[in-house]
Amino acid sequence: MINDEKIIKNDERAIFALRSLYSKYGYSQFKMSRFEEYDLYVKNKDFLVSDEVITFTDRSGRLMALKPDVTLSIIKNSADKAGCVQKVYYNENVYRVSKGTHSFKEIMQAGLECIGDLHSYDIAEVVLLAVKSLSLINDKYVLDISHMGLVAAIFESSGLSHDGKAKAHACLHQKNCHELRAICADEGITEDNTNKLCALIDNAGDASTVLSALSPMLTTEKEKEAFEEFRILCDVIENSGYASCINLDFSVGNDMKYYSGVVFKGYIEGIPTSILSGGQYDKLMKKMGRTSGAIGFALYLDLLEQMDSPEEGYDIDTVLLYTEDIDPLTLTKAVEDISGAVSVLACLQKPKGINCRRILSITTDGRIETLEDND
Amino acid sequence: MKTMINVALPKGRLGEKVYSYFKAAGFECPSIEETNRKLIFENPEKGVRYFWVKPSDVAIYVERGAADIGVAGKDILLEYQPDVYELLDMDMGKCRMAVAAKKDFRDPKGRTLRVATKFPNIAETFYNEKCRDIDIIKLNGSIEIAPILGLSDVIVDIVETGTTLKENDLEVVDTIVPISARLIANKSGYKFKNSEILAIRQALEEQVRNRK
């Protein structure tokens with residue numbers, strides 16, 4: 001039994017808490033192999049965060065990959081039955097190229113996927129589980145949510161060219177209103193449509209304020225339909241008790257080729273990048289030959305290393321120095337006596353670089369003497 | 001205690017001009033104007049902490065969260081593609097990213113174009129859009145001599161007045177993108193220090209508008 005909270009790392013603590021949370025909502029654990037056939041990733045390269053994958057040939061000559069992603073494996077192994085919803089959570093290591101170092105990194109990832117005939121409830125449940133996951137990790141957190149359907153409908157009615165849309169999307173993700181206006185001006189977009197696009201950047205914050213600012217600007221059926229779908233989700237959020245930690249922010253985006261409905265990213269104070277990312281990826285399901293929908297998210301637990309840990313104080317409480325002629329039984333008893341209350345390292349010499357509260361020594365007849373006390 | 005906003009400023013003339021905007025916007029920090037070798041300056045009353053960093057590093061400090069906001073050139077943002085918010089065009093440090101070549105240059109369409117540049121990503125994106133096969137020669141300075149010595153056919157570089165090009169018998173053959181200094185913000189910092197960052201952004205926007 002672990003009785004010292006300090007020795008549990010942030011990511012380990014998070015895994016326990018997340019497992020318990022997801023199980024409570026009927027999600028079962030999905031355990032998978034470290035390897036997957038490379039073919040699965042080649043067909044869906046754009047879905048991956050990084051398209052570089054570690055590959056090797058197995059003994060039967062198949063080209064395999066060290067998993068860069070979990071979602072694709074879960075979809076591949078999911079049933080595609082009408083009326084069914086499969087809910088799974090996972091806690092796996094994935095292998096990707098890190099942006100800063102350009103080298104492969106092992107990333108600990110936890111998350112969940114809800115696959116099947118999705119009801120509005122399932123979507124709301126996943127979004128709320130995402131925000132609850134953040135709340136289990138830290139008190140200061142924010143979940144930004146957007147709706148790809150609504151964003152896509154507004155872009156579609158804007159009159160922007162294909163290239164213009166791609167550039168405008170990049171501006172939206174960067175909250176770059178000045179360049180978005182310049183792109184619209186270059187393409188001769190009407191003032192109303194330009195303002196509608198910029199409203200996606202300018203309006204961010206609590207659900208009711210953002211929705212009421214956006215609502216009068218919507219003109220097409222597609223926009224109104226997507227807005228209504230989003231509003232239903234926002235109603236659940238408003239009444240969830242987590243409303244103050246959820247922002248509507250249309251700069252949150254994911255690849256439009258795969259994501260269709262709600263998308264979200266989670267942030268924790270003290271971690272410079274988003275720690276949680278997810279959304280509804282019905283288009284990916286369709287691309288993989290499935291008829292049902294799906295929503296899920298991943299938490300990048302390796303980022304928790306960057307979170308401020310409470311001051312750890314000493315590496316070890318007590319260093320117990322002994323000489324070579326000591327009887328092992330005497331030494332064992334002494335270590336047991338001391339370690340009942342604190343951590344103790346028995347050694348011939350104090351190792352370099354260890355920070356300890358006190359140094360004791362033991363004589364051959366079992367007497368303990370204090371050599372150093374840093375209290 | 002007032003929330004502190006960490007601001008990464010680019011060292012040099014541009015940085016000094018950027019600070020003058022912050023100062024006029026009400027976020028002054030007197031110690032930054034003293035002559036010394038310090039790199040970090042703060043004014044707790046105004047809730048700002050400034051630090052000078054190499055201009056090309058501003059985006060890294062902001063992306064990694066060591067700075068909440070910073071001012072970086074659009075050239076750096078396009079080249080390194082940091083995952084940050086770009087909140088404001090500061091309308092200063094204006095120049096353009098351009099393709100330049102010797103005055104008698106004709107594009108050798110039958111072979112790979114050799115491009116010397118400090119900005120390989122910008123050059124690659126520009127020529128990819130044109131489906132032009134190129135060989136990038138990454139240099140770290142004195143780019144202008146590359147076509148003169150036959151190292152490259154063209155260069156992709158920042159052009160401000162064009163004087164250096166003219167003095168080396170080069171001329172602009174294509175403009176890739178206009179460049180200016182931009183206010184950028186860390187995405188996570190923007191969530192948790194939102195009102196403070198928005199207040200700075202708004203005050204700076206007013207300064208930019210007034211000085212136009």
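**A helix and its setting**

Guide: In chain A, the domain assignment gives domain 1 (4-145 + 246-307) and domain 2 (313-373), with bounds taken from an automatic or database assignment. This is a predicted model, in which local features need pLDDT of at least 70 and side-chain atom pairs count only at pLDDT 80 or more, while totals for chains, interfaces and linings use all residues. Residues are numbered from 1 along each chain as its sequence is written, and chains are lettered from A and ligands numbered from 1 in the order in which they are written. The C-alpha centres of domain 1 and domain 2 of chain A are 46 Å apart.

The part to examine is helix H9 (residues 207-214) of chain A, where Ala207(A), Val210(A) and Leu214(A) are buried. Helices (H or I, at least four residues) and strands (E, at least two) are DSSP runs numbered from the N terminus. A residue is buried if 20 or more other C-beta atoms lie within 10 Å of its own, exposed if 12 or fewer, and partly exposed in between, with C-beta atoms placed from the backbone. An α-helix has 3.6 residues a turn, so residues three or four places apart point the same way.

The buried residues of H9(A) pack against helix H8 (191-202), helix H10 (221-238) and strand S8 (246-248) of chain A, contact being defined by C-beta atoms, placed from the backbone, within 7 Å.

Asp255(A) counts as partly exposed because it has 14 C-beta neighbours inside 10 Å. Not counting residues up to four places away in sequence, Asp255(A) touches Asp46(A) and Phe47(A). The C-alpha atoms of Asp255(A) and Asp46(A) are 7.9 Å apart, although 209 residues separate the two along the chain.

Finally, there is the partner chain. The contact takes 12 residues from chain A and 13 residues from chain B. On the side of chain B that touches chain A, strand S5 (84-89) and helix H7 (187-192) of chain B are the elements that give two or more residues, and S5(B) gives the most, with five residues.

How values were computed: Two residues are in contact if their C-beta atoms, placed from the backbone, lie within 7 Å.
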